[in-house]
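Student: I would like to learn how to read a protein model. Could we go through one together?

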Amino acid sequence: MATLVFYLDEATSMTHALEPGTTTVGRHPDSIIVLDFASVSGHHAVIELQDDGCLVIDQQSSNGTRINGAEIEEAMLQDGDRVAFGDVQAVYYAGDAPGEEGDVPQAETVQEIFVPVPEIPRKDAPPPPAPADYRKVNKPPAKPRAVRRMTGYPSTAESGCVTALIVIGLFVAAFAAGLFMRHYKETEGGNLFSDLMEKISSQVPKIKIEK
C-alpha cells in the first residue's frame with residue numbers, strides 16, 4: 001500500500017496510507033489530510049492513487065506544490081520522491097514506509113571493547129630522569145669578548161712625561177729670563193720692565209682734550 005510520511009517538525013512525523021481513489025490535502029478541516037500550517041492553502045492539492053501510479057495535482061495553492069524541489073501543476077510520483085505542500089515536507093513510498101513492518105533486529109553479538117589498564121609505577125622504582133634543558137644542550141659556546149682600548153686619551157705614563165717636560169721648560173724659561181734681566185741691569189744700568197714701559201708710552205700718541 002502506498003504511503004506518505006509527513007515531517008511536521010524536527011521531532012514529529014505523520015504517516016498516512018493512501019487509499020485507491022482521491023485524497024485531498026489542505027488546511028481546511030474537510031480535507032482528508034489536514035495540514036494546519038500557514039504555508040498550506042485551504043484546499044492545497046489532490047492525490048489520485050491509480051492502477052498505474054500516484055498522481056499529484058496542485059489546486060492553485062498560494063505557495064505551490066513541489067516534487068524534489070521543482071514546482072509542478074500535476075505529476076506522477078515515483079518511489080522515494082520528496083513532496084512539499086507549501087513548507088510541509090513529505091516522502092512518497094510506493095509500498096509500506098520503512099519501519100512499519102517491525103523493529104530493526106539488533107546484532108546478536110556485541111564486539112568486546114578492550115580498555116588497557118595504565119601501568120602503576122612501583123614505590124621502590126627510581127624516579128624518571130629529568131628532561132634535559134634543550135636551551136643548555138643546544139646553547140652555542142660563548143664567544144670571547146674583544147677588549148677595546150681607548151686611544152683618544154694618553155695613558156698615565158705618557159701624561160706624566162708630558163707634565164714633566166712642561167715643568168722643565170717653564171723652569172728653563174724663567175731661569176733664562178732672570179739671567180737676561182740681570183745682564184741688562186749690569187750693562188744698561190736700568191730696569192728692563194721700566195724701560196719697556198717708557199718706550200711703549202712714548203710711541204702712543206697723546207690726545208689733548210679741550211674743555
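Student: Which residues does Gly 64 touch, not counting residues up to four places away in sequence?

Tutor: Good place to start, and keep in mind that this model is predicted. Gly 64 touches His 44, Asp 58, Glu 71, Ala 84, Phe 85 and Gly 86. Take His 44 as a case: 20 residues separate it from Gly 64 along the chain, yet their C-alpha atoms are 7.9 Å apart.

Student: Where is Gly 64 placed, and is Gly 64 buried or exposed?

Tutor: You will find Gly 64 in the loop between strand E6 (53-58) and strand E7 (65-67). Gly 64 counts as buried because its relative accessibility is 3%, and buried means under 20%.

Student: What about Ser 41: buried or exposed?

Tutor: Ser 41 is buried too, with a relative accessible area of 11%. Its place is in the loop between strand E4 (33-34) and strand E5 (45-50). Beyond four places in sequence, Ser 41 is in contact with Gly 26, Arg 27, Ser 61 and Ser 62. With Ser 62, a polar atom of the Ser 41 side chain lies 2.9 Å from the backbone nitrogen.

Student: How do strands make a sheet?

Tutor: In general, strands of a sheet pair through backbone hydrogen bonds, either parallel or antiparallel. Here, five strands form an open sheet of mixed pairing, in the order E4-E3-E5-E6-E9. At the edges are E4 and strand E9 (74-77), each pairing on one side only.

Student: In which sense do E3 and E5 pair?

Tutor: Strand E3 (residues 21-26) pairs with E5 in the antiparallel sense, over five bridges. To find one, look at Gly 21, whose bridge partner in E5 is Leu 49.

Terms used
Residues numbered from 1 in each chain as written. Predicted model: local features only at pLDDT ≥ 70, side-chain atom pairs only at ≥ 80, totals over all residues. Heavy atoms only, no water. Helix = DSSP H or I, 4+ residues; strand = E, 2+ residues; numbered from the N terminus. Buried < 20%, exposed > 50% of the residue type's maximum accessible area, 1.4 Å probe, protein only. Polar contact = N/O pair within 3.5 Å; in protein donor to acceptor, adjacent residues only side chain to side chain. Contact = heavy atoms within 4.5 Å. Pairing = 2+ DSSP bridges.
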